[in-house]
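Q: Could you walk me through this structure? I am new to it and would like to begin with the aromatic residues.

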Amino acid sequence: MNTIIPQNYINEFSDFISSHDFFYVIGHKEPDGDCIASCLGVSEILKTFNKEHLLLSAGPFKRNEIIQYESLFTNEMPFQNDDERKKTGLIIVDCSEIQRLGEIEGDFKELDTFVIDHHKTSELPDNMKGYVNPAAPACAYLVQLFYEELIGPLKSELAKIIFFGISTDTGFFRFLSTSPESADILSACSRLVTYGADPRSIYTEINSGKPYSTRKLLGILLNKAERYLDNRLVITYETMEDTKKYGIDGRDSDALYQLLLSAKDVEAVVFLRQDTPTTCTGGFRSQDKVDVSLVASKFGGGGHKNASGMSTEGKLETLIPQIVKEFARIM
C-alpha cells in the first residue's frame with residue numbers, strides 16, 4: 001500500500017505520539033486546502049491514539065473552500081507550566097519553518113517537534129524529527145499514508161477531507177508528472193474513493209460559491225498583467241486600493257494562474273499583492289521547465305518547483321523589477 005514513506009519514519013512518528021501527553025498541530029499561515037486537510041488528518045490520528053491536542057492556525061482563512069473549518073482552529077496557545085510543556089509535542093504539517101507559521105499567541109521554543117512536509121525549499125532543522133518528501137504532490141497524501149500505516153482504512157469523512165486536500169494542491173491532478181509519487185498518489189486517491197470520497201462533489205466544493213467580487217477582481221488583475229523576458233514571464237498585481245474595493249475573501253488566484261499560463265509562450269506567472277504600505281505577498285506559478293522556488297527563496301519565500309509563495313518587505317514598484325531580474329537568471 002505505502003511505497004513512499006520508509007518504515008523507520010512510520011515507527012518514529014508512532015513513538016513520537018506515544019511519548020507525549022498533549023499536542024499542538026499547526027500548518028503555515030494563510031492556509032490552503034492541503035494545509036487544513038493535513039492538520040485535520042493528523043488530528044484524527046491523535047484521536048485514535050486517545051491523545052489530547054489543539055489545532056492552531058494563524059490564519060487568515062481567506063479561501064472560500066476552507067472557511068467552513070475555521071472554527072476548529074485557534075491562534076492562542078493556553079498557558080502551560082514547565083512540566084506540561086515537557087510532555088507536549090508540536091506537529092507541523094505542510095511547512096517546516098517556524099517563521100512561516102505566522103503570529104500565534106504562545107511560544108514554540110523547546111517543544112519536541114515532528115514535521116510532515118513536501119515543499120522543495122524545506123530543510124528539516126537538526127533539532128526536529130519528521131519526514132519531508134519534496135517529490136510528494138501534497139502533504140495530505142503523506143498524512144494519509146501515515147494514517148493507513150498506523151491505523152488502517154480512513155473513515156468516510158476523513159477520506160473526503162484528505163481527497164479535498166490532495167485535490168487543491170495538485171490542481172485536481174493537473175500538476176502530476178511521471179514519477180513514482182504521482183503514480184502512488186493516484187493509487188492512494190483510488191483508496192480514498194473506496195473509503196467514501198466523492199470526486200465530483202469535492203470538485204464542486206472547491207470551484208463553486210466564489211463571491212461575485214472575485215470575478216470582477218479577476219478582470220482587473222488580467223488587465224494589469226504585463227509580459228517580460230520575451231513574453232515568457234507575466235506579472236500582475238493587486239494594490240491596497242484594489243483590496244479595499246473588492247475585499248480579501250474568496251480570491252481565485254488559481255483561475256488567474258490558469259488563464260495566464262495558458263497563453264502562448266508564457267512559462268511563468270507572478271501575482272503580487274501590496275498588503276501594507278511596506279509589505280507584499282506574492283504567488284509564483286510555472287510550466288514544467290521553470291523552477292519558481294528559486295526566485296521565491298530570494299525574497300524569503302519558498303515552495304515547489306512549479307508553485308511557490310513569498311511574503312516580504314517592499315513596494316510593488318521596486319519589487320517587480322527585482323523579480324524580473326531574478327527570473328532573467330533562470331529563464
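Q: How many aromatic pairs does a search of the whole structure find?
A: The search gives 15 aromatic pairs. Please note that this is a predicted model.

Q: How are the rings of Phe 22 and Tyr 24 arranged?
A: Their planes stand at 85 degrees and their centres are 5.2 Å apart, so Phe 22 and Tyr 24 form an edge-to-face pair. The angle is over 60 degrees, the cut-off for that class.

Q: And are those two buried or exposed?
A: Phe 22 counts as buried because its relative accessibility is 18%, and the cut-off is under 20%. Tyr 24, at 0%, counts as buried too.

Q: What about Phe 172 and Phe 173?
A: That pair is also edge-to-face, because the planes are at 75 degrees, with ring centres 5.4 Å apart. Phe 172 has a relative accessible area of 23%, so this residue is partly exposed. Phe 173 is likewise partly exposed, at 21%.

Q: Which residues do ring pairs link into a cluster?
A: The cluster consists of Tyr 9, Phe 13, Phe 16, Phe 23, Phe 114, Tyr 131 and Phe 146.

Q: Changing topic, how do the axes of H1 and H4 cross?
A: The axes of helix H1, residues 7–18, and helix H4 cross at roughly 80 degrees and come within 10 Å. H1 is therefore roughly perpendicular to H4.

Q: Which residues make that contact?
A: From H1 there are Gln 7, Tyr 9, Ile 10, Phe 13 and Ser 14, while H4 supplies Phe 146, Glu 149 and Leu 150. Sorted by class, the contact of H1 with H4 has 5 nonpolar, 2 polar and 1 charged residues.

Q: What is Leu 192 in contact with, leaving aside its neighbours within four places in sequence?
A: Leu 192 is in contact with Gln 144, Leu 154, Ala 159, Ile 162, Phe 163, Ile 166 and Ala 197.

Methods:
Residues numbered from 1 in each chain as written. Predicted model: local features only at pLDDT ≥ 70, side-chain atom pairs only at ≥ 80, totals over all residues. Heavy atoms only, no water. Contact = heavy atoms within 4.5 Å. Axes fitted to C-alpha atoms, helices over the stretch in contact; angles between N-to-C directions. Helix = DSSP H or I, 4+ residues; strand = E, 2+ residues; numbered from the N terminus. Parallel < 35°, antiparallel > 145°, perpendicular 65-115°, else oblique. Nonpolar A, V, L, I, M, F, W, Y, C, P; charged D, E, K, R; others polar. Phe/Tyr/Trp six-rings, centres within 6.5 Å; stacked < 30°, edge-to-face > 60°. Buried < 20%, exposed > 50% of the residue type's maximum accessible area, 1.4 Å probe, protein only.
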